[in-house]
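The following paragraphs lead through a protein chain, from overall confidence to individual side chains. Please keep the sequence and the coordinates in view while reading.

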Amino acid sequence: MNYKRVTFEQLGIEKELLDNLNEINMKYCIGPQVNIIKKLCGELNDVIIQSPGRTGKTTGYLIPIINEALKRRTNKSEKKCVGIILVWTSLMVKNIKIVADALCSNLPISIVYGDGNKLAVNSINDNYFIIISKAKLFQNNSFLVKQFFNSIRYLVVDQAAAFLVDDKKDILKDILEMVKSSENKNYSIVCSEMDFKGDIKSIKDQFLNSKFPYEIKSKMALSYSKDSDDESYSSDYEVESNSINKEEFYERKLFSKNHIDSNLEVVISNRFEIEKNIIKIIEALFDGRKDINIIIYMPTKLCLRSLEFYFKPLKISYFVADDFQQNCLKKDFHNICLICDNEEKKVPINFFNKICIHYFVPDTLIYKRRIENQKYHGNYIKSILVDEKEFLIKFLEELKL
């Protein structure tokens, strides 16, 4: 049976949003996105999403919200607040906002967010908007936000498993009761988490309107559809490794796999700390020697913008490889070049004494092509891979084959 990757265009996304997705190199759906978009863009459905980091679930639930906003603008709807996204931590608010800002770039959609002590609802202009907030902050500002409950189409609870703890549960239940008491009965509740650890039934019983919500689970970052009927298809995998000692792997934060590649190191990082860990790596490298340059490969422009978000307040100097063309050096050393890599492109950068940092492990063929390219152009020193341990183990196993 033949399978093909599913594009966002196949899912009936509004043209303006499609243009933005193409702009940030997002043409194909990954992970659970096909099923999320289909369920949320159609009829009213409560949805539970369980998928690891880096599988695209945040983008998956943001796309239907943004798509709804664009439809409302076309229909000149007076309902401006399209969706509310509730989380527990400030870091999660920032992470979701980075993705939302990229998806909404140049669109007449505002992102209202609250990660400190203030939810800036008074700054809302005449645009359609999405609220992203810590749940506690949202509850504290209920007198300001309750006016929007009648217009929302989506209520998303990310980090949903955190709200099963008693004190947090009460906060979320209070918000949900306020929404339910409004006149609006036409909204979907979405609960998203990396791993509910067997607590999905508790989520259903306590937080959802429907007794039979759709459950979407994914373990991988690829989505396909059948050529014959375009039905979504997922082929999840379990990471297995017989030749790498996993316990040793987990205990060591940074190490070289000399039996694979003497110029390769890996750093274990969860998705929410990857930018911070890359910054720590850069600081350590520049502190250790003064005659190096750093190239950072990223899979998408969303990752690039996320890293830039962390660079700017720290005043870290860098430049971006523009449209995969060769760039001039600003100075002899201490250059940092950010490359939004594309598997169909080659990016020759004539740095000397280069260390390559890979934001997420690439396909092994792409990795080898990157290294061959860098060895050909200037003195290549080594590569550092930064990702979650499951992906690093799988990559190292494949690299040995």
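The mean pLDDT of the chain (the predictor's confidence in each residue, from 0 to 100) is 80, and 81% of the residues reach 70 or more. Two stretches call for separate mention. Residues 221-260 have a pLDDT below 50, and beyond near neighbours in sequence this stretch makes 98 contacts in the model, where contact means heavy atoms within 4.5 Å. Over residues 323-330 the pLDDT is likewise below 50, with 21 contacts beyond near neighbours in sequence.

This is a predicted model, in which local features need pLDDT of at least 70 and side-chain atom pairs count only at pLDDT 80 or more, whereas totals for chains, interfaces and linings use all residues. Residues are numbered from 1 along each chain as its sequence is written, and side-chain values use heavy atoms, with hydrogens and water left out.

The chain contains 13 helices and 17 strands; these are DSSP runs numbered from the N terminus, helices being H or I with at least four residues and strands E with at least two. Of its 401 residues, 54% count as buried, that is, under 20% relative accessible area, as against exposed at over 50% and partly exposed in between (1.4 Å probe, protein chains only). The chain exposes about 19,200 Å², of which carbon and sulfur atoms supply 46%; accessible areas come from the Shrake-Rupley method with a 1.4 Å probe, and for residues only the protein chains shown count as cover. Among contacts with a separation of 6 or more, 71% are between residues 24 or more positions apart.

The interior may be considered next. In soluble globular proteins, nonpolar side chains tend to be buried together. A nonpolar core is here a set of buried Ala, Val, Leu, Ile, Met, Phe, Trp, Tyr and Cys residues joined through side-chain atoms within 4.5 Å. The largest such core has 46 residues, of which Phe8, Tyr61, Leu62, Ile66 and Ile85 touch the most other members. Leaving aside neighbours within four places in sequence, Leu62 is in contact with Ile85, Ile96, Val99, Ala100 and Leu103. A second, separate core of 34 residues includes Ile84, Val112, Leu164 and Ile200.

Apart from neighbours within four places in sequence, Gln139 contacts Ile171, Asp174 and Ile175.

Aromatic rings form a further theme. Rings of Phe, Tyr and Trp (its six-membered ring) pair if their centres lie within 6.5 Å; planes under 30 degrees apart count as stacked, over 60 as edge-to-face and the rest as tilted. By this rule there are 7 aromatic pairs. Why is the pair of Tyr359 and Phe360 edge-to-face? The ring centres are 4.8 Å apart and the planes lie at 75°, so the pair falls in that class. Tyr359 is buried at a relative accessible area of 4%, and Phe360 is buried at 7%. Elsewhere, Lys80 lies over the face of Tyr128, at 4.2 Å from the ring centre; the criterion is NZ of Lys or CZ of Arg within 6 Å of the ring centre and within 35 degrees of the ring normal.

Finally, the backbone deserves attention at two loop positions. Lys76, although not a glycine, has a positive phi of about 55° and lies in the loop between helix H3 (57-74) and strand S3 (81-87). Gln159, also not a glycine, has a positive phi of about 55° and lies in the loop between strand S6 (154-158) and helix H7 (166-180). Is each of these residues buried or exposed? Lys76 counts as exposed because its relative accessibility is 71%, whereas Gln159, at 17%, counts as buried.
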